[in-house]
Amino acid sequence: FISYFFILYSLYFIILIIVILRYFMQMNENEIILNDFNSIKLNMSANLERIICEQDLVNFAEVCGDTNPIHLNKQFAEKSIFGAQVSHGMLVVSFISAVFGTIFPGPGWIYISQNIEFKAPVFIGDKVRVNVTVTKIFKLRKVIEFKTRVTVRDKTVVDGVAMLKAP
């Protein structure tokens, strides 16, 4: 059992590294990585765009174990209320983490909480756009609150609020 868990954890870690590297390579070269708590101001924001492909769903299912056929089986999904395969909600939410860890506020920040609300499904081929915006700054605790939003074609698919602590 322990070796099985170790193998799964290793696969998860490898896929996570690959996913983060893929997102990092898709960033615009003019994106600024901010790491200094004192340089962050209200309403500062960052974005990331990503097209969901079928292999993303397969990889995510392998890592997390969510093999629900609504994500992985075209024929099953076509008979669902969505009419097609949908992305795992948590895969879409993980792109928010990619923004925080690689773009803004950047490496070293600690992701301490995230409230999320799923508003609409995300399908294979959809281009998701993640936006994080500073809404509150707690100077004494060195914590920042962010509005988090993921959209597809200007329609909100995920809404939420996140808290990050400075390194």
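**Exercise 1. Determine which residues His88 touches, leaving aside residues up to four places away in sequence, and whether His88 is buried or exposed.**

Solution. The model is predicted: local features need pLDDT of at least 70, side-chain atom pairs count only at pLDDT 80 or more, and totals for chains, interfaces and linings use all residues. Residues are numbered from 1 along each chain as its sequence is written, and side-chain values use heavy atoms, with hydrogens and water left out.

Step 1. Contact means heavy atoms within 4.5 Å. By this criterion His88 touches Leu57, Phe60, Ala61, Asp66 and His71.

Step 2. His88 stands in the loop between helix 4 (74-78) and helix 5 (89-102). Helices (H or I, at least four residues) and strands (E, at least two) are DSSP runs, numbered from the N terminus.

Step 3. Buried means under 20% relative accessible area, exposed over 50%, and partly exposed in between (1.4 Å probe, protein chains only). Because its relative accessible area is 2%, His88 is buried.

Step 4. A polar atom of the His88 side chain lies 3.0 Å from the backbone oxygen of Asp66.

**Exercise 2. Identify the buried residues of helix 2 (residues 54-64) and explain why they lie on the same side.**

Solution. Step 1. The buried residues in helix 2 are Asp56, Leu57, Phe60, Ala61 and Val63.

Step 2. They cover an arc of only 165° around the axis, so they lie on the same side of helix 2. The arc is that of the directions from the helix axis to the C-beta atoms.

Step 3. An α-helix has 3.6 residues a turn, so residues three or four places apart point the same way.

Step 4. Just after helix 2, Gly65 adopts a positive phi of about 90°.

**Exercise 3. State which residues touch the most other members of the largest nonpolar core, and which element gives the largest share.**

Solution. Step 1. A nonpolar core is a set of buried Ala, Val, Leu, Ile, Met, Phe, Trp, Tyr and Cys residues joined through side-chain atoms within 4.5 Å.

Step 2. The largest such core has 33 residues, of which Phe104, Val130, Val132, Phe146 and Val150 touch the most other members.

Step 3. Helix 5 gives the largest share, eight residues.

**Exercise 4. Describe where Val134 is found and why it counts as buried.**

Solution. Step 1. Val134 belongs to strand 3 (residues 127-138).

Step 2. Val134 counts as buried because its relative accessibility is 0%.

Step 3. Among the residues that Val134 touches are Lys41, Phe104 and Phe146. Val134 and Lys41 are 93 residues apart in sequence, yet 7.1 Å apart in space, C-alpha to C-alpha.

Conventions:
Polar contact = N/O pair within 3.5 Å; in protein donor to acceptor, adjacent residues only side chain to side chain.
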